[in-house]
Amino acid sequence: MSAHTIYDNAPIGALVAWSDGTPRPPERFTRKLSAWQTNNSRGRLIQKQGERGIGNVSLSASFTLHEADYCAGGVIAIRVHRTFSLDSKLDFTVLERPAIGSVRIFERAGAGAELIHLAAHRQAAEEWLSRHGYPRAVLEEVTADEVGADIVEGRAVA
């Protein structure tokens with residue numbers, strides 16, 4: 001499916017894969033494999049941003065996926081996020097939707113807020129939030145109504 005379909009239909013917290021459709025090169029071709037992995041990977045949908053402008057510059061709508069965390073000594077040193085515009089030529093697939101009862105933790109309230117964690121349930125979300133410093137964080141539970149509405153309204157993908 002297209003980037004536009006992901007933007008319109010995939011819920012925040014969904015696991016999304018992207019691909020350019022080319023076959024994976026053998027492991028011995030490390031540079032080719034590294035380039036291929038740039039266009040063929042997966043990540044969790046953490047943010048959707050509508051079209052916006054800054055001065056005379058207009059930015060198209062986009063969505064951001066959290067691809068990986070690189071840790072050292074239990075501390076996240078590098079967090080890899082990939083942002084795709086709706087013009088992307090890559091093919092996207094929703095691998096997994098957030099489970100009913102799971103809780104999204106956003107950095108702040110409002111449109112364009114970034115998902116910082118997806119907890120299995122509210123108690124786990126509150127426990128996670130107590131260990132991490134996000135004073136303006138907002139919790140949002142994934143409900144059966146939300147999942148049902150997506151299916152009825154045709155927003156459910158994969």
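Trainee: Which backbone oxygen lies 2.5 Å from a polar atom of the side chain of S102?

Mentor: In this predicted model, that backbone oxygen belongs to A99. As for its setting, S102 sits in the loop between β7 and β8 (103-106).

Trainee: Is S102 buried or exposed, and which residues does S102 touch beyond those up to four places away in sequence?

Mentor: Buried means under 20% relative accessible area, and S102, with a relative accessible area of 5%, is therefore buried. Once residues up to four places away in sequence are set aside, S102 touches L118, A119, A120 and H121, together with E140, E141 and V142.

Trainee: How should I read the largest nonpolar core, and which of its residues touch the most other members?

Mentor: The general idea is that, in soluble globular proteins, nonpolar side chains tend to be buried together. Here the largest nonpolar core has 21 residues, and those touching the most other members are I6, V16, L45, F63, L65, F84 and F92. Two or more residues of this core come from each of α1 (3-9), β1 (15-19), β2 (41-49), β5 (62-72) and β7 (91-96), and the largest share, three residues, is given by α1.

Trainee: Why does this core lie between domain 1 (1-97) and domain 2 (99-157)?

Mentor: This core lies between the two domains because both of them give residues to it.

Trainee: What is L65 in contact with, leaving aside its neighbours within four places in sequence?

Mentor: With those neighbours left out, L65 is in contact with V16, W18, G43, R44, L45 and I46, and also with V80, H81, R82 and F84. Another core, of six residues, lies apart from the largest one, and its members include I105, I116, A119 and W128.

Key: Residues are numbered from 1 along each chain as its sequence is written. This is a predicted model: local features need pLDDT of at least 70, side-chain atom pairs count only at pLDDT 80 or more; totals for chains, interfaces and linings use all residues. Side-chain values use heavy atoms; hydrogens and water are left out. A nonpolar core is a set of buried Ala, Val, Leu, Ile, Met, Phe, Trp, Tyr and Cys residues joined through side-chain atoms within 4.5 Å. Buried means under 20% relative accessible area, exposed over 50%, partly exposed in between (1.4 Å probe, protein chains only). Helices (H or I, at least four residues) and strands (E, at least two) are DSSP runs, numbered from the N terminus. Domain bounds come from an automatic or database domain assignment. Contact means heavy atoms within 4.5 Å. A polar contact is a pair of N or O atoms within 3.5 Å; within protein, one must be able to donate a hydrogen and the other to accept it, and residues adjacent in sequence count only if both atoms are side-chain atoms.
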